[in-house]
Amino acid sequence: MSHSEAMNSYSLVAEGLRKRFGETHALDGFDLAVREGMVCGLLGPNGAGKTTAVRILSTLLRADGGRATVAGLDVATQAAEVRRRIGLATQEPAVDEILTGRENLEMWGRLYHLSAKQARSRAQELLEQFGLAEAGNKRIKHYSGGMRRRLDLAATFIQAPRVLFLDEPTTGLDPRNRNDAWQAIRTLVAAGSTVLLTTQYLDEADQLADQIAVLREGRVIVEGTPDRLKSMIGGDRLDLVLRDARDLPEAGDILAAFGRPAVDPDTRRLTVSVTDRMSALSHVMRAMEAKGIEVEDISMRRPTLDEVFLKVTA
Amino acid sequence: MTYVLYDSWTIARTNLVHWRRNPTAIASGLLYPVVMVLLFGYVFGSAMAVAGADDYRDYLMPGMFGQTMAVGITSTLVVVTTQASYGVTDRYRSMPVSQAGVVLGRAISDMINSVLELAILVAAGLAVGWSWHNGPLNALAAIGLLLLLRFSLIWVGIFAGLKLTPEAAGASWMLLLPLTMVANTFVSPSQMPGWMAVPAEWNPLSATVAACRRLFGNKGWVGDSWASEHAMLLAVAWPVAITLVFLPLSARAYRRLSR
Ligand SMILES: Nc1ncnc2c1ncn2[C@@H]1O[C@H](COP(=O)(O)OP(=O)(O)OP(=O)(O)O)[C@@H](O)[C@H]1O
Ligand SMILES: [Mg+2]
């Protein structure tokens with residue numbers, strides 16, 4: 001891990017948070033602790049309660065039960081103090097449609113109590129950083145979805161916040177812009193911000209997060225580093241692609257020595273989890289040769305977060 | 001606390017930019033009253049007679065001023081609901097912006113709009129032959145009472161705006177318009193059936209309009225009920241009471257959004 005263990009104070013702590021909307025228990029005993037300077041990825045299927053958690057932690061919503069601190073401050077009783085130290089990008093971009101991109105950033109800058117001059121130069125910096133320099137003087141209603149999203153992120157970064165909440169920050173961005181957004185997030189983390197990030201893209205969590213919490217029905221069901229989560233569902237993955245689908249059952253019998261393989265007839269692929277990489281590889285290769293099964297591709301890889309996600313939320 | 005004024009000015013400026021970029025709002029806000037003056041002054045005015053008034057248009061104009069101030073509540077309402085419905089309010093609320101600043105910013109920009117509206121109406125009134133007869137100081141006092149009424153209704157607009165959907169807010173004038181007419185705005189309550197005359201006389205709008213007629217020196221019906229005789233007092237007391245009730249309510253509604 002790139003972050004020093006010395007920074008061991010927690011920037012964000014939630015204990016037993018509960019929130020009900022009518023009959024729906026959006027949060028049902030939500031616990032989480034994120035150390036200072038870390039990026040925590042919050043994953044979970046639609047409706048798991050991710051947005052609700054973010055809204056409570058960023059003081060927009062009051063919990064029915066439990067408690068939470070952000071930057072050491074209680075979100076319920078010290079909300080005004082908390083707001084001085086956080087940045088929030090909501091799931092839907094929250095930008096003023098009638099203003100131009102530049103006017104938006106200048107307005108939010110003034111509301112962070114920058115002087116008119118500071119707000120102007122900060123707006124210019126952010127427009128450049130987020131690739132909006134040319135669109136800066138256009139009204140938001142003429143922006144594309146991705147441009148809105150980028151402007152929204154830029155507004156969140158006006159003041160380097162101690163704790164940053166990003167609710168699906170890159171939804172709707174193309175790969176290049178997603179990379180730029182990731183870069184901007186990394187810059188803030190390097191400057192010391194702690195980040196709570198919800199996302200549907202598991203590669204995003206893999207790229208950015210030091211810690212991952214998987215949420216289901218309002219509760220964290222698994223938590224740990226990406227590596228820990230991956231090893232939790234078994235060791236490395238051996239992927240085998242055959243030339244001929246008719247060989248699948250026989251190859252399956254060979255792989256059964258390691259565990260029950262997952263079989264995908266369409267791509268003629270078998271996957272099994274193994275513990276000892278090298279001996280497994282040579283064992284399988286030898287057995288295939290002996291049976292005369294033609295192998296198109298064989299590879300060894302770490303499990304993906306997608307596999308973890310599908311398994312724990314199933 | 002020190003930032004309340006800075007915040008409110010930032011927000012008021014933004015609101016004014018919104019208003020400037022919305023041609024329909026400008027047209028309806030500024031032209032509609034002029035159309036109403038012409039409509040009531042000449043179309044209905046020719047058929048109207050109010051006890052004690054020599055000239056209907058002289059009686060009408062203070063009513064028009066008052067009604068415009070009252071109907072202004074819908075513009076506050078519509079803006080507040082649409083803003084609350086698209087996320088921007090969430091951003092305000094996650095920032096260290098003073099709540100008083102946000103609400104006060106709305107009030108400042110609405111007051112600037114109202115001053116403009118009133119200036120145009122006064123000009124339209126002068127053009128159709130209305131005038132004040134008691135000197136400029138009394139006329140200014142009347143303008144002050146009108147703006148006081150508008151100011152108090154801003155808080156009602158913000159409060160209702162935070163509680164209603166944009167659709168409901170858009171339809172609110174259907175309720176509001178009759179309320180501005182069950183008053184002494186266009187006719188004298190003495191011409192109404194008794195069950196309607198009482199609320200018409202006690203209507204806060206009637207107090208402001210009656211007080212304005214007195215200050216402008218525009219002749220017309222003066223009732224003999226307690227409310228009519230103390231119009232000047234009520235024209236101050238009503239707005240103050242409304243503000244005292246709805247200012248805290250709207251600040252609270254803002255704080256409690258989506259709880
Ligand atoms: N304001 C609300 N009123 C009623 N129900 C709500 C409200 N907000 C959230 N819910 C419900 O609470 C549950 C959790 O919602 P939440 O938005 O937190 O999920 P999420 O994990 O962010 O989902 P998604 O991935 O779709 O964004 C859902 O069942 C949702 O329908
Ligand atoms: Mg969500």
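A polar contact is a pair of N or O atoms within 3.5 Å, and within protein one of the two must be able to donate a hydrogen while the other accepts it. The exercises below concern a predicted model.

**Exercise 1. Describe the interface of chain A and chain B, going from its extent to its individual contacts.**

Solution. Begin with the residues that take part: 33 residues of chain A are in contact with 25 residues of chain B. The size of an interface is often given as the accessible area lost when the parts come together. For chain A and chain B this buried area is about 2,800 Å², and carbon and sulfur atoms give 55% of it.

Next, turn to the polar side of the interface, where 11 residue pairs are found in polar contact across chain A and chain B, both residues of each pair being at pLDDT 80 or more. Among the elements of chain A, β6 (86-89), α3 and α5 (145-156) each give two or more residues to the side that touches chain B, and the largest share, five residues, comes from α3(A).

Finally, count the salt bridges between the two chains, of which there are three. One of them joins Glu103(A) to Arg21(B), with the closest N and O atoms 2.8 Å apart.

**Exercise 2. Work out the strand order of the open sheet in chain A, and explain why β12 and β14 each have one side without a neighbour in the sheet.**

Solution. First, list the four strands in their order, which is β12-β13-β11-β14 of chain A, with antiparallel pairing. Because β12 (262-264) and β14 (295-301) of chain A stand at the edges and have a single partner strand each, one side of each is left without a neighbour in the sheet. From one strand to the next, the twist averages 15°.

Then look at one pair inside this order: β11 (residues 236-242) and β13 (residues 269-274) of chain A run antiparallel and are joined by six bridges. Leu238(A) stands opposite Val272(A) in β13(A).

**Exercise 3. Locate His113(A) and Glu168(A), and decide whether each is buried or exposed.**

Solution. His113(A) is found in the loop between α3 (101-111) and α4 (116-129) of chain A, and its phi is near 70°, a positive value in a residue other than glycine. Its relative accessible area is 18%, and the cut-off for buried is under 20%, so His113(A) is buried.

Glu168(A) lies in the loop between β7 (163-167) and α6 (175-190) of chain A, with a positive phi near 50°. Because its relative accessibility is 8%, Glu168(A) counts as buried.

Key
Residues are numbered from 1 along each chain as its sequence is written. Chains are lettered from A and ligands numbered from 1 in the order in which they are written. This is a predicted model: local features need pLDDT of at least 70, side-chain atom pairs count only at pLDDT 80 or more; totals for chains, interfaces and linings use all residues. Side-chain values use heavy atoms; hydrogens and water are left out. Two strands pair if DSSP finds at least two bridges between them. Axes are lines fitted to C-alpha atoms, for helices over the stretch in contact, and angles run from 0 to 180 degrees between N-to-C directions. Buried means under 20% relative accessible area, exposed over 50%, partly exposed in between (1.4 Å probe, protein chains only). Contact means heavy atoms within 4.5 Å. Buried area is the accessible area (1.4 Å probe) that two parts lose on being put together, summed over both. A salt bridge is a side-chain nitrogen of Lys or Arg within 4 Å of a carboxyl oxygen of Asp or Glu. A polar contact is a pair of N or O atoms within 3.5 Å; within protein, one must be able to donate a hydrogen and the other to accept it, and residues adjacent in sequence count only if both atoms are side-chain atoms.
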